[in-house]
Amino acid sequence: MSDPNELTVLNPATEEIVATVPAASEEDVAAAVVRAVRAQRTWAAVAPADRARLLRRFADVVDAHAEELARLEVREAGHTLGNARWEAGNARDLLLYAAGGAERLLGRQIPAPGGWDVTFHEPLGVVGVIAPWNFPMPIAAWGSFPALAAGNAVVLKPAEATPLTALRLAALALEAGLPEHLFQVLPGYGTTAGRALVDHPDVAKIVFTGSTRTGREVMERCARLVKPVTLELGGKSPNVVFADADLTAALDPFSFLDNCGQDCCARTRVLVQESVLDEARDVLADALAAVVVGDPADEKTRVGPLISARQRERVRSYVPDDAPALRGSAPDGPGFWFPPTVLTAERPDSRAAREEIFGPVAVLLPFTDEQDAVRLANDTPYGLSGSVWTKDLGRALRVSQAVRAGNLSVNSHSSVRYWTPFGGFKQSGLGRELGPDALTAFTETKNVFISTEGPAQ
Ligand code: NDP
């Protein structure tokens, strides 16, 4: 039974306690929102160029502490050092990108008879960000930094398993000179601190990343207050591999193994044209055998542990010992390890083929032709991401138009860049983060008509 007043952060690679952190109560959330309301008023009055300058200074401080942040992410989340360094860099780069946006939050001038009509993008006020444990630092940054740049205050609730990098970011913001209480991080439980943030009438918007189940509840609660919400939820993304593709590149196992598969964009449905299915199986078997799962703090490691014992049990429930599968290896002993696995005899309607597993497990499914590939790719309630592999340009374009997902890549497995929009179709979410419109999502549009004909006599 977890202590309602305290969070215990475990190192997923060793099961040792990294830290204990006080857990915020409902009252703590209410008090933080009062402070945030005050801080936001001051911040919104700061000239955009000065807001930008402060955010750039924050980016410099993050950069100076990037290695420390990365090593903290390794310890609290089990991320490989290489990934964690990228994540700290991503937080810094997004700060620089969002800082530029503060000075470019442009309204419009719309022709109207008898006067001038102009629009303004005004900050919402206090934004609540609820982050998951799978990418603690980048997801905290994606929800918070564009909101700050647009003139809002932020109260962030990190996941109970991974509060440490978010707390450190908040401390670095103060060190950089951002006003006190503008960017507050409140570690706590979802069902207390998370709900309190969602239900608070002075929190103007919620940005939630996590499971579709919790996202649905967050949206229902926001609906009671007609509160806008951005949801980044689950995925079960397809990797569509046609027979003419470069199979070694297309079947790169890191398309579903990155972050030990705890990635909402993981391409966990490997759809392969049946004429090359045997060859694909061989390529995958060789690739899995070469993957080293191990100590995430070792620079050479590319796959670390799962986040928790609970998550390992969940992943295991999809992989019975006797299931036909290609299997890699994983360490024994302390740590939440699971071997990379490709299930080879699943039906498209099986639990493993339909549900988000959030571990290093993919399913291999054959398709006959282009039409069948598109049908299978879309046969899911999710629509977050996916890849299409073929040398036929026309087919690549047709399939990427037909697949209903927010982030597709052709002959590539890339998904997320801070300067391009990110988000899901269908039950993968609502709204978009990042990209050129990231700041606008944290504003209200105000239209003002100014008569040029003077006051009525
Ligand atoms: P959740 O969606 O429950 O958690 C995400 C965040 O929401 C956490 O900060 C959590 O707090 C908080 N939260 C939980 N309940 C509420 C609530 N009622 N109101 C407001 N906030 C709440 O994910 P889990 O950690 O339980 O993971 C379960 C599964 O969800 C995974 O196995 C995976 O399949 C999926 N998932 C998907 C993610 C994605 O990016 N698509 C990210 C994380 C999980 P707390 O940490 O205290 O629970």
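**Figure 1. Buried area between domain 1 and domain 2.** About 2000 Å² is buried between domain 1 and domain 2, and carbon and sulfur atoms give 58% of this area. On the side of domain 1, Pro12, Trp133 and Ser428 lose the most area to domain 2, together accounting for 26% of what that side buries. The model shown here and in the other views is predicted.

**Figure 2. The two domains and their contact.** The domain assignment of the protein places residues 6-233 + 428-448 in domain 1 and residues 238-410 in domain 2. Between the C-alpha centres of domain 1 and domain 2 the distance is 30 Å. The contact involves 24 residues of domain 1 and 26 residues of domain 2.

Figure 3. One salt bridge is counted between domain 1 and domain 2. A salt bridge joins the side chains of Arg85 and Glu299, with an N to O distance of 3.4 Å. Side chains of opposite charge can pair when their charged atoms come close.

**Figure 4. The side of domain 1 that touches domain 2.** Helix H3 (66-77) and helix H4 (81-102) are the elements that give two or more residues to this side of domain 1. H3 provides the largest share, four residues. By residue class, the side of domain 1 that touches domain 2 has 10 nonpolar, nine polar and five charged residues.

**Figure 5. Packing of helix H7 on helix H8.** Two packed helices are described by the angle between their axes and the distance between the axes. For helix H7 (residues 190-199) and helix H8 (residues 212-224), the angle is about 35 degrees and the axes are 9 Å apart. H7 contributes Arg195, Val198 and Asp199 to the contact, while H8 contributes Glu217, Val218, Arg221 and Cys222. Of the residues in the contact of H7 with H8, three are nonpolar and four are charged, with no polar residue.

Figure 6. The whole structure contains 21 salt bridges. In the pair formed by Glu68 and Arg168, the closest N and O atoms are 2.4 Å apart. Glu68 lies in helix H3 and Arg168 in helix H6 (residues 164-175), so that the pair links distant parts of the chain, 100 residues apart.

Key: Residues are numbered from 1 along each chain as its sequence is written. This is a predicted model: local features need pLDDT of at least 70, side-chain atom pairs count only at pLDDT 80 or more; totals for chains, interfaces and linings use all residues. Side-chain values use heavy atoms; hydrogens and water are left out. Domain bounds come from an automatic or database domain assignment. Contact means heavy atoms within 4.5 Å. Buried area is the accessible area (1.4 Å probe) that two parts lose on being put together, summed over both. A salt bridge is a side-chain nitrogen of Lys or Arg within 4 Å of a carboxyl oxygen of Asp or Glu. Ala, Val, Leu, Ile, Met, Phe, Trp, Tyr, Cys and Pro count as nonpolar, Asp, Glu, Lys and Arg as charged, and the others, Gly among them, as polar. Axes are lines fitted to C-alpha atoms, for helices over the stretch in contact, and angles run from 0 to 180 degrees between N-to-C directions.
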